[in-house]
Amino acid sequence: MNKPQILQVGPYPQWDEAPLQEAFTVHRYFEADDKPSFLAEVGGRVRAIATRGELGANRTMIEACPALELISVYGVGFDAVDLAACRDRSIRVTNTPDVLTNDVADLGVAMMLCLSRGMVGAERWVRDGSWAAKGLYPLKRRVWGRRAGVLGLGRIGYEVAKRLKGFDMDIAYSDVSEKPYAEGWTFVQDPVALAKRSDFLFVTLAASAATRHIVGRDVIAALGEEGMLINISRASNIDEDALLDALEGNRLGSAALDVFEGEPALNPRFLALDNVLLQPHHASGTLETRKAMGKLVRDNLAAHFAGQPLLTPVL
Ligand code: 8YV
């Protein structure tokens, strides 16, 4: 029997490649030098696209595949998939929720601790001999007991808040409505008001056109020169120019960021700052989670081609 043909947008870990190739005829888009010609050549035969959260699938790619039935995303975020183009043609879309929630929350909390306690500089202090030469490392700011804001109390935001509870923090959150599962946490609908009462502001919103730059100049100003912004969602949720201006002018205390506009080619202004912690979009990057994400991508593809219900559909 002929295997269904799929378009693979970006590379996966090696343990995902073999089972994918066993089940499907895989067209490796990311290896093509001339991408438009490659799409023109194979697009007509493609019945599914396997992509990654940050790579998605744009309208050009979707339109180049007239027989497309499904887009399976390796990642919880599907904002990079052109959903309007999918809706137009009843193309289904799946993502990989739940399996990555705890790791993403862990990294967000780790970034807060790392930056607040100056761990990167402290490590350098030991390695470059400053400890012996200069003595004690400069004092940093405490985390436990302080005020945290969680912007977006979905699956990941909830797990972040749960962890912060362990640090005896005063926790508030912002969302479209008050959440019944947020007992003991203060609901503050307005993001500016949330930032105003926070020492640490976590951005954990699913990104969409509606949330673009939800963290703008006003939220950043409200967080203020002592505040820390932590982003484990998508860069588009933050006005990056406003963020850079505030960090450069010390009008925002610090920022811990796992995501950037145009990543991996981030704005070089970030690299000149010492009040930031920069991470390479790896909040879900553990062996355990990435294996589960790869399996879920394949299980959704397999379910679709077997005529079974999709496991984690978003469209
Ligand atoms: C990436 C993510 O998909 O879950 C998401 O939305 O952005 C990540 O998990 C991951 O970096 C793999 O490319």
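**Around the ligand**

Tutor: The chain's domain assignment gives domain 1 (5–98 + 288–305) and domain 2 (101–278); these bounds come from an automatic or database domain assignment. Before going on: this is a predicted model, where local features need pLDDT of at least 70 and side-chain atom pairs count only at pLDDT 80 or more, while totals for chains, interfaces and linings use all residues. Residues are numbered from 1 along each chain as its sequence is written, and side-chain values use heavy atoms, with hydrogens and water left out.

Now the ligand. It has 13 residues around it, and Glu54, Val76, Gly77, His281 and Ser284 come nearest (near: a heavy atom of the residue within 4 Å). His281 has a polar side-chain atom 2.7 Å from a ligand oxygen. For Arg52, an N or O atom of the side chain is 3.0 Å from an oxygen atom of the ligand, and for Arg290 a polar side-chain atom lies 3.2 Å from a ligand oxygen. On its own the ligand has 330 Å² of accessible area, and the protein covers 93% of that (Shrake-Rupley, 1.4 Å probe; for residues, only the protein chains shown count as cover).

Next, Pro280. You'll find it in the loop between β12 (276–278) and α12 (287–305); helices (H or I, at least four residues) and strands (E, at least two) are DSSP runs numbered from the N terminus. Pro280 is exposed, at 63% relative accessible area (exposed is over 50%, buried under 20%, partly exposed in between; 1.4 Å probe, protein chains only). Its C-alpha atom is 8.8 Å from that of Phe260, 20 residues away along the chain.

Back to the two domains. Their centres, taken over C-alpha atoms, are 32 Å apart, and 8 residues of domain 1 are in contact with 7 of domain 2 (contact: heavy atoms within 4.5 Å).

Note on methods:
A polar contact is a pair of N or O atoms within 3.5 Å; within protein, one must be able to donate a hydrogen and the other to accept it, and residues adjacent in sequence count only if both atoms are side-chain atoms.
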